[in-house]
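Reader: I am new to this structure. Please take one part of it and go through that part closely.

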Amino acid sequence: KAWTEAMNASQEWDYYILLNDDTMCMDYAMEELFSTQRYLKEKHGMEGVVSGVCQSTDGKEITYGAEYYSIPLIGKSLFMHPVGKPKQCYRTNANLVLVSGEVVKKTGIFDKDFIHSCADWAYGIKANRAGFPVYITARICAECDNDHGTIKDEGRKVMNMSLQERKKFFNHPLRATSDKLLFMKHYYKEKYLILYLARTLAVYLPTLYYCLLNLRPQKQKCQ
């Protein structure tokens, strides 16, 4: 809604900043975002989408910025780590993002077909497919704890739910199956059937579902 309101202003904006209300920026965050846009201009001849890397408040883990799959098809989604220079990415998180006005002119804003989940992932890919560079920052720009919990904690919770409670849980806006399937349909068609079967297991056979999740490759060299 806020992004729509900004676009309805009487003037066009050169940039749009997306910032979650639970994300605390470092003192240098804005400079890092804009310097990355300058880097994109020099390297690609145009500005694009810059996602600021976030860490947990205790500084022990990367929590947001951009994600990648550890392996195709059944890989775990992992967060990209900063490497001291801007790095290209595809699936962005919208905790702290600087978007060039030129990107918005060509691609618009978040897809309204998504309830909540996956809209930020999709935006990074959409901008990239439209020819714009999409990068994470060279260093950590903010603190924001990952509020989704661990798979282990989620599994314990879900396996104690009734069938109706599980259906409600997996249709919550934060983890809506419809959003996940829509995302896969548009951007990872090869994963669509796997996700559909996995979410069906999660609802009807949760013990098997979480057992299979634990068999996935959990770690790979950080990108």
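Author: A nonpolar core is a set of buried Ala, Val, Leu, Ile, Met, Phe, Trp, Tyr and Cys residues joined through side-chain atoms within 4.5 Å. The model shown here is predicted, and its largest nonpolar core has 36 residues. Strand 10, residues 134-143, gives the most to this core, with six residues. That strand is the part to look at.

Strand 10 is mostly covered, since eight of its 10 residues are buried. Buried here stands for under 20% relative accessible area.

Next come the pairings of strand 10. Strand 3, residues 49-55, pairs with strand 10 in the parallel sense, over six bridges. In this pairing Gln-55 stands opposite Glu-143 of strand 10. Strand 2, residues 24-25, runs antiparallel to strand 10 and is joined to it by two bridges. Here Met-24 is the residue that stands opposite Glu-143. Glu-143 therefore faces Gln-55 as well as Met-24. Strand 7, residues 87-88, is also antiparallel to strand 10, again with two bridges. Lys-87 has Ile-136 as its bridge partner in strand 10.

Back to the core itself. The residues with the most contacts inside it are Trp-3, Val-49, Val-99, Val-103, Val-104 and Tyr-123. Trp-3 touches Tyr-16, Leu-18, Val-99, Val-104, Ile-109, Phe-110 and Tyr-123, leaving aside residues up to four places away in sequence. A second, separate core has 14 residues, including Ala-119, Leu-181, Phe-183 and Tyr-188.

Technical notes. Residues are numbered from 1 along each chain as its sequence is written. This is a predicted model: local features need pLDDT of at least 70, side-chain atom pairs count only at pLDDT 80 or more; totals for chains, interfaces and linings use all residues. Side-chain values use heavy atoms; hydrogens and water are left out. Buried means under 20% relative accessible area, exposed over 50%, partly exposed in between (1.4 Å probe, protein chains only). Helices (H or I, at least four residues) and strands (E, at least two) are DSSP runs, numbered from the N terminus. Contact means heavy atoms within 4.5 Å.
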